[in-house]
Amino acid sequence: MEKKKLLPAYSKKSPVKGLKHALETADAILVGAGAGLSAAAGFAYDGERFQKHFHDFAEKYGITDMYSGGFYPYPTLEEYWAWWSRHILINRYDVPVGRPYADLLRVLQGKNYFVLTTNVGCI
């Protein structure tokens, strides 16, 4: 059985060329993705975006970002679900496709791939 060389020698000098070659010749591609894609797309969980959508929770409970708000011990189930329903709406349904996601999908187009993500959004 012939051993297939995964990356040609030039990949050490030019990692981008090596990655391009690997993507072009791979039988399958596994993508590991996380919050970096969302951050690169501008979907911040704090700052102005957080204040725009969760200012009432920030004022009432002192919550400073969407991540920590998910762990807050709300006094009622109504407030717990108010938080989570808004969080899901803002971060899953009311967001456009971020450019990093669209770029990744374009690179993977026509390939056999699987995306393993810890992220809210996925391809």
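Of the contacts in the chain with a separation of 6 or more, 51% are between residues 24 or more positions apart. Please bear in mind that this is a predicted model.

Let me turn to the elements. The chain holds 6 helices and 2 strands. Read from the N terminus, their order is α-β-α-α-α-α-α-β.

Helix α3, residues 47-61, packs with helix α5, residues 77-93, at an angle of about 170 degrees, and their axes are 11 Å apart. Angles over 145 degrees count as roughly antiparallel, so α3 is roughly antiparallel to α5. On the α3 side, the contact is made by Arg49, Phe50, His53, Phe54, Asp56, Phe57, Lys60 and Tyr61. The residues that α5 contributes include Trp83, Arg86, His87 and Ile90.

I come now to burial and surface. The chain has 123 residues, and 27% of them are buried. The accessible surface of the chain is about 9000 Å², and carbon and sulfur atoms account for 61% of that area.

Which residues form a nonpolar patch on the surface? They are Leu30, Phe114 and Leu116, which together have about 360 Å² of accessible area. Phe114 belongs to strand β2, residues 113-117. Is Phe114 buried or exposed? Its relative accessibility is 52%, and the cut-off for exposed is over 50%, so Phe114 counts as exposed.

Thank you for your attention.

Methods:
Residues numbered from 1 in each chain as written. Predicted model: local features only at pLDDT ≥ 70, side-chain atom pairs only at ≥ 80, totals over all residues. Heavy atoms only, no water. Patch = residues over 30% accessible without salt bridge, like charges linked within 9 Å, V, L, I, M, F, W, Y side chains within 5 Å. Areas by Shrake-Rupley, 256 points an atom, 1.4 Å probe, with all protein chains shown as cover. Salt bridge = Lys/Arg side-chain N within 4 Å of Asp/Glu carboxyl O. Helix = DSSP H or I, 4+ residues; strand = E, 2+ residues; numbered from the N terminus. Buried < 20%, exposed > 50% of the residue type's maximum accessible area, 1.4 Å probe, protein only. Contact = heavy atoms within 4.5 Å. Axes fitted to C-alpha atoms, helices over the stretch in contact; angles between N-to-C directions. Parallel < 35°, antiparallel > 145°, perpendicular 65-115°, else oblique.
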